[in-house]
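Colleague: I have a new model open and would like to talk through how its parts pack. Could you take me through it, starting with the aromatic side chains?

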Amino acid sequence: MLRRLLLTAIVAGSVGGLAITLLQLQTVVPMILAAEAFEDGAPPAPAIETAAHDHQAHQHAAAPWQPADGAERTVVTAAANILVGIGFSMLLVACFTLRGRPVGFAQGLLWGLAGYAAFAVAPALGLPPELPGTFAAPLVDRQAWWLGTVAATAAGLALIVFVRAPWAKALGGALLLVPHLVGAPHPDAEGTLAPPELADAFILASLASAAVLWLGLGGLNGWLFGRWGAQAQQT
């Protein structure tokens, strides 16, 4: 049984990851490359003529590894998307199994829509997708808020959809609002080195590709789970 459930997630996640890579190569990736060009062309900050500054600059001279443009970058992007797709698919399959009810393509789409709302839309309301060169708050602060928002949104939706009691609906609605009432972390000076219109287009393209990914994963996992998952539960 476990093997067939894992196979469902692996197949759906791999197909979804490859499909979203092809979409991103036409939409999101060109915007990232354009933003990187603006970032590389930005004037450097004024140098401080001190020994301490020279020592610190020497320590940070080695830039972190990143894939070269072209085939290497495409392969790394595809591999990352496949891993993400498999991870999200495992989450969906686990939810299908715990729910314990028949799931098909249509039901899978609804689960995918819920995943899109929790993992993409809700976090983007406070921390929209960012191009390279965007001024941002510390990474740890943003990650903590993102994780809290995903958890609160997923729990809120579950209470609203699966629990009929009025208190559950009220609590679920409150959980949806809490992260945004707390507020996402932002830097003192906001902005991006890329033109604002490019940043806005990147947000829309990122959310659109996330919608395609989640709906595709939901529908495909639901369809495969309805076939393989039912067989696994019978054996």
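**Aromatic residues and helix packing**

Modeller: Phe 88, Phe 119, Trp 146 and Trp 214 form one aromatic cluster, and please keep in mind that this is a predicted model.

Colleague: How many aromatic pairs are there?

Modeller: The count comes to 7 aromatic pairs. One of them joins Phe 96 and Trp 111, whose ring centres are 5.8 Å apart with the planes at 80°, and because planes over 60 degrees apart count as edge-to-face, this pair belongs in that class.

Colleague: Where do Phe 96 and Trp 111 lie?

Modeller: Phe 96 is in helix α4 and Trp 111 is in helix α5, so the pair ties together parts that are 15 residues apart in sequence.

Colleague: And is Phe 96 buried or exposed?

Modeller: Phe 96 is buried, because its relative accessibility is 1% and the cut-off for that class is under 20%.

Colleague: OK, what about the helices themselves, at what angle do α4 and α5 pack?

Modeller: Helix α4, residues 71-99, packs against helix α5, residues 105-126, at an angle of about 125°, with the axes 11 Å apart. The two helices are therefore oblique to each other, and α4 passes α5 in a right-handed crossing.

Colleague: Which residues make the contact?

Modeller: From α4 come Phe 88, Leu 91, Leu 92, Cys 95, Phe 96 and Arg 99, while α5 contributes Gly 108, Trp 111 and Phe 119. Sorted by class, the contact of α4 with α5 holds 7 nonpolar, 1 polar and 1 charged residues.

Colleague: Switching to α6 and α7, how do their axes cross?

Modeller: Helix α6 (residues 139-162) and helix α7 (residues 166-182) have axes that come within 8 Å and cross at roughly 160°, and since angles over 145 degrees count as roughly antiparallel, that is how α6 runs relative to α7. The crossing of α6 and α7 is left-handed.

Colleague: Which residues meet there?

Modeller: In α6 they include Trp 145, Gly 148, Thr 149 and Ala 152, and in α7 they include Ala 168, Lys 169, Leu 171 and Gly 172. The contact of α6 with α7 divides into 12 nonpolar, 7 polar and 1 charged residues.

Colleague: Last one, what does the protein as a whole contain in helices and strands?

Modeller: There are 8 helices and 0 strands, and buried residues make up 33% of the 235 residues in the protein. Among contacts with a separation of 6 or more, 82% are between residues 24 or more positions apart.

Methods:
Residues are numbered from 1 along each chain as its sequence is written. This is a predicted model: local features need pLDDT of at least 70, side-chain atom pairs count only at pLDDT 80 or more; totals for chains, interfaces and linings use all residues. Side-chain values use heavy atoms; hydrogens and water are left out. Axes are lines fitted to C-alpha atoms, for helices over the stretch in contact, and angles run from 0 to 180 degrees between N-to-C directions. Helices (H or I, at least four residues) and strands (E, at least two) are DSSP runs, numbered from the N terminus. Angles under 35 degrees count as roughly parallel, over 145 as roughly antiparallel, 65 to 115 as roughly perpendicular and the rest as oblique. A crossing is left-handed if the near helix is turned anticlockwise from the far one by less than a right angle, and right-handed if clockwise. Contact means heavy atoms within 4.5 Å. Ala, Val, Leu, Ile, Met, Phe, Trp, Tyr, Cys and Pro count as nonpolar, Asp, Glu, Lys and Arg as charged, and the others, Gly among them, as polar. Rings of Phe, Tyr and Trp (its six-membered ring) pair if their centres lie within 6.5 Å; planes under 30 degrees apart count as stacked, over 60 as edge-to-face and the rest as tilted. Buried means under 20% relative accessible area, exposed over 50%, partly exposed in between (1.4 Å probe, protein chains only).
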